[in-house]
Each structure stands twice: as C-alpha cells, then as structure tokens.
Amino acid sequence: MEGFDPRTSFGSEISKRYDAGGGLGDEAETVAVGTGRIALPLTRAGVRVDGIELSQDMVDRMREKPGGDAIDVTMGDMSRVTTGCRYGLVYLVFNTIGNLLTQDDQVRCFQNAARHLAPGGVFVVECRIPAAPERPYRQFVDAEQVAADAVTLGVGQYDPVTQVLDLNHVSISADGILLMPISLRLAHPPEFDLMARIAGLRLRDRWGGWNAEPYTATSWRHISVYEPAGE
Ligand SMILES: C[S@@+](CC[C@H](N)C(=O)[O-])C[C@H]1O[C@@H](n2cnc3c(N)ncnc32)[C@H](O)[C@@H]1O
C-alpha cells in the first residue's frame, strides 16, 4: 500500500486503541508480544514469556500494565532476530504471520521459530482463512461499526499477484477521521504447511478454534501446531 509503514500500523495511536478494539474475546482460552494481550495472562499463569516485537509503542503499552515489566522483549524483526534461548512453545497468533509481506519473509519466520524450539517444543500459528480473494473484484467496503454518532468502515483491496491485502479501517466521527492502515500477506493453511516443511517442521494438529473445535471447510480461522519433523 502506498505510504504504508508497518511500524505505524502498530504505532502510538493504534497501540492505545489496540486492546479496546483489537481483541477477539478469546484471550482466556488462548492464555510474540504486542500489548501483552496473550503474554501477560500467560505470565500470570506462571509461564515465563519472552517476546520479539518491532513496534516500541506496542511494548510501551504492555509495560504500562501490571506485570508488563516481567517480559523480556527483543526488539527487531521476528523473521530474523533471536532471543538467544529455546522454548517449549513459540506462538504467533492473531494473524501476525501476515504482517510479513513476502513469502520469503514468512518462510524465514518459520525457520526462525524452528531455531527457537527446545526438544519437544512446538510452534503455534493462529491465522484467519483468506476471504478477500473471493470478494467481487477483490475489493470491498465493510460497515464494521455503525452508530448514530460514528461509523467505522473496513476498506480493502487484494492483489492476487503478491497475495497482499491492503486494508484501512476508517473511523469517522465528530472528532474527525482516523485512518488505521494495515497490509497483510494472506496464505491458506497448506502454504503454511509447506513453509513449515522448508523449516524442518511438520503439522501435528490443526483446529478451528481455541477450544479444539475441528478444522473444517467452514472454519474461518485455523490454529496450527507444528513440531520438528525429526522428533
Ligand atoms: C496482530 S498484533 C498481535 C499482538 C499480540 N500477539 C496479540 O495477540 O494481541 C501483531 C504484532 O506483531 C508486531 N509485528 C509486526 N510485524 C513484525 C515483525 N516483522 N517483527 C516483529 N514484530 C512484528 C506488531 O507490531 C504487533 O504488535
């Protein structure tokens, strides 16, 4: 998307609104970093959590919360940087794999996750099933929120060549217009499975939700669990 900077997608203004509007309401079942939506409940449950994050603003929001200081964050690109440790669980939830905008970078991210796994460890990816390719002319304007004094529109355009969806959430109210742009590279689960294979991983489980709902033709998201292929 012209004028798009991934850092501003999760920059100061968006990071402040992230917890109010960005959640799926399933955090209790799912208990990387962001504002600590998942990392903080995991820490409270006694799990040590380290994170990798690109946006200082998102880390700052997390640090403001109770327990937010307990999480070690390595600043950098999740497809490249290392924390220097190995883990029983590496997770990338809430469509975060899509924040990497090329297939190469997504493969590199699987390889980086694999490098961080301890023996017996797993890599968990949660991602929506792509829907934009099926929209007429691969573009749309969705009414995301409609109230008497404000509306939020989701304005999207999908490029099948790059598999990148450019999406702008446009909030219009008496306070003015707020643009919340994001670009995401969309991929179906079998493409992720091949990325996993390139990274020396294999699919262990796939569910349609955090309560182990079966993954079916009507699932709108998948939760995929990968393990080292050699184990
Ligand atoms: C959709 S949010 C998910 C945050 C959190 N895991 C959650 O579930 O609420 C994606 C996060 O990944 C970060 N991010 C995006 N691209 C990144 C990259 N290349 N390397 C590291 N972090 C990245 C964003 O700044 C943002 O905090």
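Predicted model: local features only at pLDDT ≥ 70, side-chain atom pairs only at ≥ 80, totals over all residues.
## Domain layout

Domain 1 is made of residues 12–129 + 188–228, and domain 2 of residues 132–184. Taken over C-alpha atoms, the centres of domain 1 and domain 2 are 24 Å apart. Eight residues from domain 1 and eight residues from domain 2 take part in the contact between them.

## Ligand surroundings

The shell around the ligand holds 18 residues, and those that come nearest are Tyr-18, Arg-37, Glu-53, Asp-77 and Met-78. Sorted by class, the shell has ten nonpolar, five polar and three charged residues.

The ligand taken alone exposes 600 Å², of which the protein buries 94%.

## Ser-15 in helix 2

Ser-15 belongs to helix 2, which spans residues 12–21. Its relative accessibility is 1%; because the limit for a buried residue is under 20%, Ser-15 counts as buried.

Which residue has a side chain joined to that of Ser-15 by a polar contact? The partner is Arg-61, and the polar contact between the two side chains is 2.7 Å.

## Gln-106 in helix 6

Gln-106 sits in helix 6, residues 103–115. Its relative accessible area is 0%, so Gln-106 is buried.

What does the side chain of Gln-106 reach at 3.2 Å? It reaches the backbone oxygen of Ile-97. With neighbours within four places in sequence set aside, Gln-106 is in contact with Ile-97, Gly-98 and Leu-100, and also with Arg-185, Ala-187, Phe-192 and Met-195.

## Summary of the two buried residues

Ser-15 is buried at 1% relative accessibility, and its side chain has a polar contact with the side chain of Arg-61. Gln-106 is buried at 0%, and its side chain reaches a backbone oxygen, that of Ile-97.

Conventions:
Residues numbered from 1 in each chain as written. Heavy atoms only, no water. Near = heavy atom within 4 Å. Areas by Shrake-Rupley, 256 points an atom, 1.4 Å probe, with all protein chains shown as cover. Nonpolar A, V, L, I, M, F, W, Y, C, P; charged D, E, K, R; others polar. Helix = DSSP H or I, 4+ residues; strand = E, 2+ residues; numbered from the N terminus. Buried < 20%, exposed > 50% of the residue type's maximum accessible area, 1.4 Å probe, protein only. Polar contact = N/O pair within 3.5 Å; in protein donor to acceptor, adjacent residues only side chain to side chain. Domains from an automatic or database assignment. Contact = heavy atoms within 4.5 Å.
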